[in-house]
Amino acid sequence: MVRQVISVAVTDRKAAPPVGTSVRLTGVSKVFGRGTSAVRALEDVSLDVAPGEFTCLIGASGCGKSTLLSLVAGLEEPTTGEVSTSGGRVAFMFQESALFPWLTAAGNVELALRAHGMNKAERRRRTAELLETVNLTEFAGKRPHELSGGMRQRVALARALAQDADVLLMDEPFGALDAMTRDLLHDELDRICAGRQLTVIFVTHNVQEAVRLGDQVVVLSSRPGRVVDKFEVPIERPRRIDSAEVAELAARITDRLRAEMSRVG
Amino acid sequence: MADIDDAAFVNSDNRASAPAYAEKLAYLESLEVESPQDQRDRKLGKRVWTSLWPKVLAIVIVLAIWQLIHVSGWKKDIFPGPGATLANLWDQLQHGLLWHAIRTTLQRAVIGFGLAVIIGAVIGALVSRIKPLRAAVGSLITGLQTMPSIAWFPFAIILFGISTTAILFVIILGAAPSIANGLIAGVDYTPPLLLKVGATMGLRRFSLYRHLILPASLPAVIVGLRQGWAFAWRSLMAGELLVIIANQPSLGVLLSSDQDQADMQSATAIIIVILIVGILVHTLFSMADRSVRRRWGLTGNI
């Protein structure tokens, strides 16, 4: 595949050889609250994500997808089971861009670099580079409210990349965007992932989007969230969301999802 | 740079043609982003006039009603009309005494408010960070805020005598709670999503405050400062009427001597001065508030 060839060619990434898994969840359950009001968000979820792999999580609302990401990010502790990320840093992207409104686009990206103690000259250079990566060079000086939804998400992506993370968690990052903008961002995300050894866990409601982007698609059930199925996506990149292969696999996954939803009711 | 070069390579490889892609992008952006040129084009003069005429009209109406009351003959001997009062004010402005008084009063206001800001900020920061402290003094701060500051004067005068210190003490007691509460509210209402981002970004402790919580608190802090100023100004006026220090003309001293001499024209003129100073400072805070809101995109009209 294109991706692997390129990731070998990139030399300025850290030299650590890819180990077997980048993110591993073993028998993870998460319960919120206690007693009669307890909500079981995740139950016995086991999941392996290989380094550089793009995994899409799909499921109806209430399947604990966002909880799963929070566990991987270390923002929450699992009730039982174990979550391990092989060493590296974790970056997070949300449906709302969650940019800091008092900073410009460049300022938002730069703050992420600053948090890692990078010096000023280096930060400048790297910020310009990252904004170029997401095609926003001209908008460096704009504040978030002056940018469109799609542009804000691209700044958020640049900010996530600035964290130089090994694992990128994306919680429906394009969910609030129109189809054309989303399509464009899919292309950009593909291109960006191809250039680096980045492990991505991408949560979405949209089956086509999952097939368009993912190396594997994991189907979760609702209340409590459980892994019910996994699909490898063997479709060659570059992919198009409206291609026949994507549609065909998406239809199969949708059927599986429907069966699961009707079972739960 | 290797990342970028590779990315560009893949980009052109992935797509039928790179220029078409850029075009599509530019088109989408032109659709979605409002041009900032529009707002620059708006004439400055027109904007000033738009914001000014209602104020001018309001002043004219007040003066007209005042004049009507005067003409109606109500308390004719002691209640001056706007003409005589404004003439008196103009006259006082030609002399050094009023300016001296304004200077003294403003100096006290600045020092008192400045100290209140420092003390309020320290208390606010401590209370917002330390949970037991909040449980202990959180409601006390709000209680102090509702306390009429004039009630502190007997206490302050016994403690510090007839002195500027007594006045400053009461200003601080009046203003600091609002400032502290503004900061506490700002910290409390920092959006949880931003805190989540900060946490994954690796912002910890001091840098979390410096780069995330404090800037996020700014709008609430400005509201607190504005309210603190209102309390400080009131406390100061009460203080200057109660704590008359010899050989230190202030607005309060002038007002008080007008009362002694039953000089209604001068008293009214001084009241107008106090009103104008209060409005001017309030306007400064409003401008700061608006500028933050505009930069953050919190207003409807960007």
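Helices (H or I, at least four residues) and strands (E, at least two) are DSSP runs, numbered from the N terminus. This is a predicted model, in which local features need pLDDT of at least 70, side-chain atom pairs count only at pLDDT 80 or more, and totals for chains, interfaces and linings use all residues. Residues are numbered from 1 along each chain as its sequence is written, while chains are lettered from A and ligands numbered from 1 in the order in which they are written.

**View 1. The elements of chain B.** From the N terminus on, chain B runs α-α-α-α-α-α-α-α-α-α-α-α-α, with 13 helices and zero strands. Of its 302 residues, 28% count as buried, a residue being buried if 20 or more other C-beta atoms, placed from the backbone, lie within 10 Å of its own, exposed if 12 or fewer, and partly exposed in between.

**View 2. Helix α13 of chain B.** After the helix comes Gly297(B), whose phi is positive, near 70 degrees.

**View 3. Leu103(A) in its loop.** Leu103(A) lies in the loop between β5 (90–93) and α3 (105–114) of chain A, and is partly exposed because 19 other C-beta atoms lie within 10 Å. Leaving aside residues up to four places away in sequence, Leu103(A) touches Asn108(A) and Leu111(A), where contact means C-beta atoms, placed from the backbone, within 7 Å.

Notes. Contact = placed C-beta atoms within 7 Å.
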